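Student: I have a structure to look at and some questions about it. Can we go through them one by one?

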Amino acid sequence: MLNFAPFLRISDCMKLLFTTILLAFAVCVGQSQPPSFSKRAISATRISHGIKIDGKLDEVDWVTAATADGFIQNTPNPGKSATQNSEVWVLYDNTAMYIGARLLDASPDSILRQMTERDGIGNADWFAVLIDAYRDGNNGVGFGVTASGVQYDTKFSASNSGGGFSGVLSSGDESWDAVWDSEIDFTSDGWTVELKIPYSAIRFPSVENQIWNVNFVREVRRSREISFWNEVDPNVSGYLNQSGTLDGISNVKSPVRLSATPYFSMYAENYYDKNSAPKSSWGRSINGGMDIKYGINDAFTLDATLVPDFGQVRSDNQVLNLSPFEVRFDENRQFFTEGTELFNKGGLFYSRRVGGRPLHFFDVDGQLGENETMLDNPAESQLINATKVSGRTNSGLGIGVFNAISSETHATLKNEVSGDKRTVLTSPLTNYNIVVLDQNLPHNSYVSLINTNVLRRGDDYEANITGTRFLLRNKAQSYAFNGKAVVNQKYFPNSATDFGHSYFGEISKTSGQVQWELGYNVESYDYDPNDLGFIFSPNEKSLQGAWSFNKNEPFGNFINGSLTIDAEYTRLDKPNVFAGFGTGLDGFLVTKNRVGFGMFVWLQPVETFDYFEPRADDFSRYYLLPSNRNIGGFISTDYRKKLALDMRVNYRKFDEEGRYRLNLTVSPRFRASDRLSFYLEVGNYNWKNDVGYVTTLDNGQIILGRRDNITVENVLNTTYVFTNKMSLSFRLRHYWAKAEYNNLYLLLENGALANTSYNEFSDDSFNAFTVDAVYRWRFAPGSDIFLVWKNNTENFSEGKNDIQYSYRSSLDRLTEFPQRNSFSVRVIYFLDYLDLKRN
């Protein structure tokens, strides 16, 4: 057996590695030249007459304004003139800026205009403006509108500023929603757009004469041609840093930015269990609260949510988790997805911790007394309020402060003999706090300082994390050095404080056809950011590198393509021992018919020392995972057609008889009309003869099992859009997974498996069915009515008779399990101080 451990001692070469990285970066900075493309400029014109936002561009002010034209392709032919001409004008007054665009088209009848929900593009032409008011190349906003009149806005930050692909708007924070106005109109030679963007939707410096980075972008969907006013080279990372310049806006001030969005919601909930008495029970509730947004000054904004109600958010994708790691769920609560780019610096904020699972949720069973059963154990804490303040000074210093409070949470226990009930505290009153300082540096670089803090009332521990994150780019935007360093502390009453740390450094070539990266990461034995952050596993060291070749212009029968080679070497931090090595190759091509396909290969040529699967807290035990190879690929057909198909497959073969993994996902999408669309995702995931953890015996012996782990997941999404302000969406998910054990083994000290007399039943299954149906009507700017139906049916197996061993049985038994149905109405109304003042 090959042994890679002696070849590289990461701890011994760490200083050499970072010295090399810094010297190489210094050389790159000194030798690199600025980009060759020029920076275009346009001046805004102050309006002398009123502008009616109707998409017609028939006011005299549009005629006298300076014109931005001569768009340049980003794809499919980078650097060449756009095939369809575009003209853009910028006007302004004391309250807003106005964008007018005439988007000429040689075949106006062929303009695609699929109707979507807000913040969706779909199969439609679109136009957008990108604004970087502080000219740092990292932070900005985008406002777009499709040929069906659907608004789309997004917020860019250093972590999502895009580059190298065509998803311009989707590369930002799509959850950010501003209140602005837009209309479109169609003409004999194309279509026109009018945007009115109030200054309350943009943060900008407090100076007399504004100079902003801006760019205008358009997609002609039928040809998938994306073009920019100021050229955006796909071989250079980022969009905002490749913008042109807008001047001419003067003597304007950020208005009083004060708005409130009160909400009112009503719920009717039904719980049905055919095996209980009564079988059906109803509950009702009425809730009210408010979101407040206040502009403290030109640059800083306070956002607060008071008595929030998240009952209408989309259901989580619950799974059967057999891994040693926590499942990370998506954040679907709008307050925690919108405007959180500063707080996400360094990856130390996992917002699902706020109002999430109670600290002692899993400890309740151990507190059950004689004859006691658990009546209720809430899976989420009640959030009382949350507040965030964020903004950026004229000197480029971003400041963010987040604070949230969740109330006490209790489980309810009942004595079945006496009938007495009692409560057990599962989570104390808890305060969550984050402070972020983020300084822009030259060449679209930055350095950040982050602190997170969790305070709990009572005898539970408290947690604090302090970290820094930085990204340094050279003037040509061709090389970057980025990294972070984090220290976490846990304070236990009357006990010592636990310390842990993590750090990471990487140098990379970020532009050009050939790009590469080399990085080193350490997470210490005691590193634990999971009170407010998220990490799958600590106690790891890794050295990783990658090299890629990117072809972003047409060649042969292809539009673009990429090839990447990467490798990773891992060790434990404590003890400092070899863990694993892997190397791989992946690539993709996109044909001129817009069919994309790709393949990957990942090799682990030596046995991996898996210190996580045995679940030993001190990492003293490991399972010896056989060498293996994983090969897979994907194909994605043209989304412009009514019927399109995505398919992914991978096959992982272990050097062990009969052990493999085979996954297949098929995702057809059908556009019945410009208003009605269907998207189905069918996944089948098979682990045959997989080896995994079962239990740890009282004598310390660890039991693993060889099992067949089969999962089937089907998700259907259907959307009907009545208008660009009214839609109906329907999401159905059925998930079934089983783990059927063939043999049980004792884990030996050398990581091998041996026969054991332990034969406890260990099979498991999970069956879940959810429905989320949402009707949304935006009846006024920023104001919505939601009608929501949610259904949740799920079953974690309990005992032999409860296991569903086949997908068919999982379907047949769905009606046997308890189900919850929730019907709700929610009305939110946007109140703006300036509108109220004018009225």
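Predicted model: local features only at pLDDT ≥ 70, side-chain atom pairs only at ≥ 80, totals over all residues.

Student: In which strand is Thr452 placed? Is Thr452 buried or exposed?

Tutor: Thr452 belongs to residues 445–456, which form strand 24. Its relative accessibility is 4%. Buried means under 20%. So Thr452 counts as buried.

Student: Where is Gly190, and which residues is it in contact with beyond its neighbours within four places in sequence?

Tutor: Gly190 is in strand 11, residues 190–198. With 1% relative accessibility, Gly190 is buried. Leaving aside neighbours within four places, the residues in contact with Gly190 are Leu103, Leu104, Asp105, Pro108 and Ile111.

Student: How many Å apart in space are Gly190 and Asp109, C-alpha to C-alpha?

Tutor: Along the sequence, 81 residues separate the two. In space, the C-alpha distance between Gly190 and Asp109 is 8.5 Å.

Student: Which side chain of opposite charge is nearest to Asp125?

Tutor: Asp125 sits in the loop between strand 6 (96–104) and strand 7 (126–132). Asp125 is buried and has no salt bridge. A salt bridge needs a distance within 4 Å. The nearest side chain of opposite charge is 4.7 Å away, and belongs to Arg222.

Student: Which backbone nitrogen does the side chain of Asp125 reach?

Tutor: Asp125 has contacts with residues beyond four places in sequence, including Trp191, Glu219 and Arg221. At 3.0 Å, its side chain reaches the backbone nitrogen of Arg221.

Student: Why does Phe310 count as partly exposed?

Tutor: Phe310 lies in the loop between strand 17 (300–306) and helix 3 (334–337). Partly exposed covers the range between buried, under 20%, and exposed, over 50%. Phe310 falls in that range because its relative accessible area is 23%.

Student: Which residues is Phe310 in contact with, leaving aside neighbours within four places in sequence?

Tutor: The C-alpha atoms of Phe310 and Phe335 are 9.6 Å apart. The residues in contact with Phe310, with those neighbours left aside, are Arg333, Phe336 and Leu383.

Student: How many residues has the largest nonpolar core?

Tutor: In soluble globular proteins, nonpolar side chains tend to be buried together. Here, the residues with the most contacts inside the largest core are Met97, Ile99, Phe127, Phe143, Trp212 and Phe216. Elements giving two or more residues to this core include strand 6, strand 7 and strand 11.

Note on methods. Residues numbered from 1 in each chain as written. Heavy atoms only, no water. Buried < 20%, exposed > 50% of the residue type's maximum accessible area, 1.4 Å probe, protein only. Lys, Arg positive; Asp, Glu negative; His and termini not counted. Polar contact = N/O pair within 3.5 Å; in protein donor to acceptor, adjacent residues only side chain to side chain. Contact = heavy atoms within 4.5 Å. Core = buried A, V, L, I, M, F, W, Y, C linked by side-chain atoms within 4.5 Å.
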